[in-house]
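This report covers a sheet, its packing, its charged pairs and a few single residues. Have the sequence and structure open as you read.

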Amino acid sequence: VALSPSMSLPSELKGDVVTIDEPLPNDDELKAIIIQAHKDSGLKEPKGAALMKEVDAIAGLAAFPAETSVAMALTPNGIDLELLGEQKRTQVNNIPGAELYGGKETFKDVVGCGNMVDMLNQLLSNDRERFRLIFFMDEVEKMVAGTGDTSGVSQAMAEQFLTWSQNSRALGITEVGIPGAGKSLVAKAAAGQFGLPCLMASLSKVKGSLVGESERNAVQLFKTADALAAGGRILMVATCNQVASLTPELQARFRIGTYFFDYPDAIQRKALWKFYRERYNIADDNIPDSTNWVGREIEACCELAYLLSVPLKKAASRIVPVCTAKRSEMEALRRESSGRFVSADYDGIFEYKGAQTTVPLAGQTGGRAVSVN
């Protein structure tokens with residue numbers, strides 16, 4: 001009897017060996033673990049919605065870690081759900097390539113990206129299919145960049161992902177656009193808005209140095225995702241800066257749309273400044289010129305002004321926005337995306353309307369504004 005998280009048998013042995021795969025516990029098995037732990041501790045058994053909350057809190061764990069986590073979270077007044085969630089996060093984060101996001105963002109923390117937010121609201125609140133997990137892959141093109149290596153490891157992992165995403169009936173969305181425009185934030189906020197776990201997955205971190213280790217890690221990652229979803233649907237959200245580098249097979253897995261995140265317009269920038277000034281308690285309303293700044297840069301300016309106790313314009317003089325640092329790359333990305341992807345901001349397809357005006361760095365004096373045509 002050979003025990004292993006994952007096993008690849010040589011062709012000579014496949015016909016002579018019976019392989020038994022033990023899946024992670026389902027909802028009924030987790031309920032039994034929770035109820036037994038309460039009985040053993042002399043506590044009242046949870047029922048109904050209270051029981052399901054505890055099940056959701058440990059979904060994705062193997063039987064023994066689940067039992068241990070429940071035992072450690074029990075108190076005389078019942079189970080501590082927050083502690084139980086922390087126990088699960090610690091267990092999941094020990095899995096190579098997996099990180100259970102612990103942030104509390106909701107759609108209230110998202111300024112702009114209205115079309116994307118509306119779509120996610122409708123999708124995750126529909127009464128036909130229940131989504132129970134967001135599987136988030138940041139910069140997915142880098143994770144599959146080695147599919148042409150000679151070792152066969154990257155090809156095997158890509159094949160495992162394609163097979164898993166097909167069999168699990170996962171739905172996928174691709175996000176393309178300007179860095180810092182809110183791609184990652186929208187995915188994390190969707191999880192917080194609907195109380196879903198957000199599994200931040202990295203196929204790059206799955207790779208191991210030992211023979212067969214990468215494949216075993218990938219199997220464990222996908223099994224964990226299935227267990228976290230607990231029989232519900234999985235929404236895959238992947239950010240990507242170079243869609244052309246994705247294979248047609250991989251693109252086909254993200255079949256419900258590719259959304260483009262552009263620079264925020266003047267109205268959105270005004271809202272972003274208001275939002276982050278309130279977050280960092282900044283009374284200074286002398287807003288610097290921030291044409292083509294994205295939300296990440298506006299937040300950085302407000303945070304810097306808060307930490308250094310300086311006016312916003314002084315803080316802005318220390319920031320080089322991506323529209324300046326990588327002007328040609330960003331304009332090329334906007335041109336290539338025009339007419340190809342759905343706009344994250346407004347209803348319909350993204351349309352490139354010409355290069356944006358480049359301004360001097362906010363807070364600087366002298367120099368000339370240059371219009372790029």
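## Salt bridges

A salt bridge here is a side-chain nitrogen of Lys or Arg within 4 Å of a carboxyl oxygen of Asp or Glu. The model is predicted, so local features need pLDDT of at least 70, side-chain atom pairs count only at pLDDT 80 or more, and totals for chains, interfaces and linings use all residues. Residues are numbered from 1 along each chain as its sequence is written, and side-chain values use heavy atoms, with hydrogens and water left out. How many salt bridges does a search of the whole structure find? The search finds 11.

Burial follows relative accessible area with a 1.4 Å probe, counting protein chains only: buried is under 20%, exposed is over 50%, partly exposed is in between.

## Pairs within a helix

Glu86 and Arg89 meet through their side chains in a salt bridge, at 2.6 Å from N to O. They are 3 residues apart in helix α5 (residues 81–93), so about one helical turn separates them. Glu86 is partly exposed, with a relative accessible area of 41%. Arg89 is buried, at 19%.

Helix α16 (residues 327–337) holds another pair, Glu331 and Arg334, 3 residues apart, or about one turn of the helix. Their closest N and O atoms are 3.1 Å apart in a salt bridge. Glu331 is buried at 7% relative accessibility. Arg334 is buried at 2%. As a general point, an α-helix has 3.6 residues a turn, so residues three or four places apart point the same way.

Glu129 and Arg169 form a salt bridge, with closest N and O atoms 3.1 Å apart. This pair links distant parts of the chain, 40 residues apart. Glu129 sits in the loop between α6 (114–124) and β4 (131–137). Arg169 sits in the loop between α8 (153–167) and β5 (171–177). Glu129 is partly exposed at 30% relative accessibility. Arg169 is also partly exposed, at 43%.

## The sheet

Strands count as paired if DSSP finds at least two bridges between them. An open sheet of 7 strands runs in the order β3-β6-β4-β7-β5-β8-β9, with mixed pairing. Its edge strands are β3 (98–100) and β9 (342–343), each pairing on one side only. β3 runs antiparallel to β6 (residues 198–201), joined by 3 bridges. Across that pairing, Glu99 stands opposite Met200 in β6.

β7 pairs with β4 and β5. The β4 pairing is parallel, with 6 bridges; here Met137 has Ala238 of β7 as its bridge partner. The β5 pairing is also parallel, with 5 bridges; here Ile173 has Val237 of β7 as its partner.

## Packing around the sheet

Which residues of β7 are buried on each side? Arg233, Leu235, Val237 and Thr239 are buried on one side, and Ile234, Met236 and Ala238 on the other. With 7 of its 7 residues buried, β7 is largely enclosed by the rest of the structure.

Helix α6 has buried residues Asn115, Met116, Val117, Met119, Leu120, Leu123 and Leu124. The buried residues of α6 pack against β4, β5, α9 (183–194), β7 (233–239), β8 (258–261) and β9.

Asn281 has a positive phi near 55°. Asn292 has a positive phi of about 70°. Neither is a glycine. Are they buried or exposed? Asn281 is exposed, with a relative accessible area of 70%, whereas Asn292 is buried at 4%.

Asn217 belongs to helix α10 (residues 213–229). Asn217 is buried, with a relative accessible area of 10%. Leaving out residues up to four places away in sequence, Asn217 touches Pro96 and Val206; contact means heavy atoms within 4.5 Å.

Technical notes
Helices (H or I, at least four residues) and strands (E, at least two) are DSSP runs, numbered from the N terminus.
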